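Reader: I am new to this structure and would like to go through it in short steps. Could we begin with how its parts are named?

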Amino acid sequence: FKVLDAPALQDDFYLNVVDWSSQNVLAVGLGTCVYLWSACTSKVTKLCDLSPNDNVTSVSWTCLGQHLAVGTSQGEVQL
């Protein structure tokens with residue numbers, strides 16, 4: 001088994017900051033950053049870092065798992 005070390009994971013019922021893709025990649029929004037973890041290789045990649053006055057509020061993979069939508073506290077959706 002694996003343990004997810006996510007020190008800045010927000011505990012808020014209305015946020016959706018974790019999503020698993022059909023390509024076996026886990027996306028996690030932590031504060032201003034989005035990280036990807038590959039279950040196949042166990043490799044962690046920092047996908048993006050938002051501005052200091054913004055936070056990740058949601059992440060969602062497309063059905064094929066090739067594109068990720070990132071919602072922010074500024075009301076934007078980034079693909």
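Author: Strands carry the letter E, are DSSP runs of at least two residues, and are numbered from the N terminus. Please bear in mind that this is a predicted model.

Reader: Good. Where is Pro7, then?

Author: Pro7 belongs to the segment before E1.

Reader: Buried or exposed?

Author: Pro7 has a relative accessible area of 73%, so it counts as exposed, the cut-off being over 50%.

Reader: And how many residues separate Pro7 from Gly31 in sequence?

Author: They are 24 residues apart in sequence, while their C-alpha atoms are 9.5 Å apart in space.

Reader: What is Gly31 doing there, in terms of the hairpin?

Author: Gly31 has a positive phi near 65 degrees in the hairpin of E2 and E3, where two residues lie between the strands.

Reader: How many bridges hold E2 and E3 together?

Author: Six bridges, with the two strands paired in the antiparallel sense. Within this pairing, Val28 faces Tyr35 in E3.

Reader: Which strand does E3 pair with over five bridges?

Author: That is strand E4, residues 44-49, again in the antiparallel sense. Here Cys33 stands opposite Asp49 in E4. E3 and E4 also form a hairpin, with five residues between them, and Ser42 in its turn has a positive phi of about 60 degrees.

Reader: Why is E3 described as largely enclosed?

Author: Five of the six residues of E3 are buried, so the rest of the structure largely encloses this strand. A residue is called buried under 20% relative accessible area.

Reader: Changing topic: how many aromatic pairs are there?

Author: There are two aromatic pairs in the structure. Phe13 and Tyr14 make an edge-to-face pair, because their ring planes stand at 85 degrees, with centres 5.3 Å apart. Trp20 and Trp37 also pair edge-to-face, at 6.1 Å centre to centre and 70 degrees between the planes.

Reader: Which parts of the chain does the Trp20 and Trp37 pair link?

Author: Distant ones: Trp20 is in strand E1 (residues 18-20) and Trp37 in strand E3, 17 residues apart.

Reader: What about the accessibility of these aromatic residues?

Author: Phe13 is exposed at 73% relative accessibility, and Tyr14 is exposed at 72%. Trp20, at 44%, counts as partly exposed.

Reader: Which residue types make up the lining of the largest pocket?

Author: The lining has 12 nonpolar residues, no polar ones and two charged ones.

Reader: Last topic: what is the order of the strands in the open sheet of three?

Author: The order is E5-E6-E7, and the pairing is antiparallel. Strand E5 (56-61) and strand E7 (77-78) are the edge strands, each pairing on one side only.

Reader: How many bridges join E6 to E7?

Author: Two bridges join strand E6, residues 68-72, to E7. Val70 is placed opposite Gln78 in E7.

Conventions:
Residues are numbered from 1 along each chain as its sequence is written. This is a predicted model: local features need pLDDT of at least 70, side-chain atom pairs count only at pLDDT 80 or more; totals for chains, interfaces and linings use all residues. Side-chain values use heavy atoms; hydrogens and water are left out. Ala, Val, Leu, Ile, Met, Phe, Trp, Tyr, Cys and Pro count as nonpolar, Asp, Glu, Lys and Arg as charged, and the others, Gly among them, as polar. Rings of Phe, Tyr and Trp (its six-membered ring) pair if their centres lie within 6.5 Å; planes under 30 degrees apart count as stacked, over 60 as edge-to-face and the rest as tilted. Buried means under 20% relative accessible area, exposed over 50%, partly exposed in between (1.4 Å probe, protein chains only). Helices (H or I, at least four residues) and strands (E, at least two) are DSSP runs, numbered from the N terminus. Two strands pair if DSSP finds at least two bridges between them.
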